[in-house]
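Reader: I'm new to this one, so could you walk me through it slowly?
Author: Gladly; let us look at it together and take one topic at a time.
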Amino acid sequence: MTQERTIPTLPSIAPISREDGLMLYEDMVLGRFFEDKCAEMYYRGKMFGFVHLYNGQEAVSTGVIKAMRPGEDYVCSTYRDHVHALSVGVPARNVMAELFGKATGCSKGRGGSMHLFSAEYRLLGGYAFIGEGIPVALGAAFQSKYRREVMGDESADQVTAAFFGDGTTNNGQFFECLNMAALWDLPIIFVVENNKWAIGMAHERATSQPEIFKKASVFGMPGIEVDGMDVLAVRTVAQEAVARARAGEGPTLIECLTYRFRGHSLADPDELRSKAEKETWLARDPLKKLANHLIDQQLVQADELKAIEKRIQAEVDEAVEFAQSSPEPDPSELYRFVFAEDE
Ligand SMILES: Cc1ncc(C[n+]2csc(CCOP(=O)(O)OP(=O)(O)O)c2C)c(N)n1
Ligand SMILES: [Mg+2]
C-alpha cells in the first residue's frame, strides 16, 4: 500500500440545493453506469482497443465541469475521457457509438475511446499521449483572452479546464503550460486527477514533490488540494477557480485526491495495487458519499435516487442499442474530416 496523504476537508461546504444535488448525482450515476456498461461490452468481446475507465473519479468530472458552463466553456481531456464527454453534455449514445467505431460517434467513428471530440460541446479531445492535451487547452484559453482583449469581443469570456493525471505532471508540457498561463493570466484551470498511480508506478516513487498543488506556487499561481471523492468540495473549489478565471484573474491548479476503482485500462489485470489500499478507497465511493449527504440533509429520499438510477440505466442500455445498430463509417469517406470543411 502506498503512503496515505491526509485528505483535506473544506472548512465549510456551501449548502447545496435539492435541484443541484440531484443534477450532480445524475451526472455521476451516468458516468458510473456508462463505464460499467463499457466493461461489460469489452469483456463480452463486443468492444475493442484500449479502453480506460473512470470509475471512482466521477466527483472530479462532475464537480469541475458542472461548475463551468458546459457546452460553452472548453474542456480538454485525456485517454480516460468518456465521463468528461458525458459531463459536458455529449449524448451517451454518441459517446457509445464512438467506442464502437460507428459513423454516429461523436468523432464520426474515426477516434474511438481515447479520441472523443465534440466541437458542438467544446470538448477539445481525448489524447493518447499523456500531457498532449495541456498545450491544446492553453491555446483555447489564449484565444478566449485574445478575442476579448485584442479583438474586443465581449462575449469571449470562456474558461478552459484541462484534465490530466498525477503521472502526467512529471512531463515537460505541464510546467511549460503553467508558466505561460501564469505569465499571460489565462482563463484556465489545470485539474490534476491524482489517483496515486500512473499505470503501475506509484506516485511517490515517480516525483520529488508528491504534493502537486504546491508546484503552482513557483509560477505565482494558486494551487489547491481537494478531496476528489467529495463532489461538493470539488465543486466549491472549482466554482472559485472558474470565477477567478472568468474575471480575468488568471489560472488555478486544482489537485483532486482520488482513486480509480478499476485497472489502468480494461487490459490491466490490476495486480499491483494492494487489496487494503483498494478497499480503503472503495469505502469512499463518491456516489455513495453524495447520496448519503442528500438523504441526511433531507433534500431527497432514497427512492428518488433509485428512480434516477433506473432512468440512467435505461439511457445507457439505449446507447448500446443505438451504437450497435449504427452504420460503420463509409470507406469512400476515408479521407473526409482530415481537414476542416466549409459548412
Ligand atoms: C508521452 C507519453 N509517454 C508515455 C505514455 C504511456 N503511458 C500511458 S498512461 C501512462 C500513465 C499516466 O498516468 P497518469 O497521468 O497518472 O494518468 P491516469 O492513467 O492515472 O489517469 C503512461 C506513462 C504515454 N501515453 N504518453
Ligand atoms: Mg494517475
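Reader: Let me start with Asn195: is it buried or exposed?
Author: In this predicted model, Asn195 has a relative accessible area of 5%, and since buried means under 20%, Asn195 counts as buried.

Reader: And which protein donors does the magnesium ion (ligand 2) have?
Author: Asn195 is one of them, through OD1, and the others are Asp166, through OD, and Trp197, through O, with the donors lying 2.1 to 2.2 Å from the ion. Along the sequence, the spacing of these donor residues reads D-x28-N-x1-W.

Reader: Where do Asp166 and Asn195 lie?
Author: Asp166 is in the loop between strand E2 (160-165) and helix H6 (172-183), while Asn195 is in the loop between strand E3 (188-194) and strand E4 (197-198), so the pair ties together parts that are 29 residues apart in sequence. Asp166 is buried too, at 2% relative accessibility.

Reader: Switching topic, how many aromatic pairs are there in the whole structure?
Author: A search finds 6, and one pair is Tyr259 with Trp281, whose ring centres are 5.4 Å apart and whose planes are at 15°, so they are stacked.

Reader: Where in the chain do Tyr259 and Trp281 sit?
Author: Tyr259 is in the loop between strand E7 (252-257) and helix H9 (275-282), and Trp281 is in helix H9 itself, so that the pair links distant parts of the chain, 22 residues apart. Tyr259 is buried at 1% relative accessible area, and Trp281 is buried at 3%.

Reader: What lies over the face of Trp281?
Author: Arg284 does, at 4.9 Å from the ring centre, and elsewhere Arg93 lies over the face of Phe322, at 4.0 Å from the ring centre.

Terms used:
Residues numbered from 1 in each chain as written. Chains lettered and ligands numbered in written order. Predicted model: local features only at pLDDT ≥ 70, side-chain atom pairs only at ≥ 80, totals over all residues. Heavy atoms only, no water. Phe/Tyr/Trp six-rings, centres within 6.5 Å; stacked < 30°, edge-to-face > 60°. Helix = DSSP H or I, 4+ residues; strand = E, 2+ residues; numbered from the N terminus. Buried < 20%, exposed > 50% of the residue type's maximum accessible area, 1.4 Å probe, protein only. Lys NZ or Arg CZ within 6 Å of the ring centre and 35° of its normal. Donors = N, O, S within 2.8 Å, 3.2 Å for Na, K, Ca; no water.
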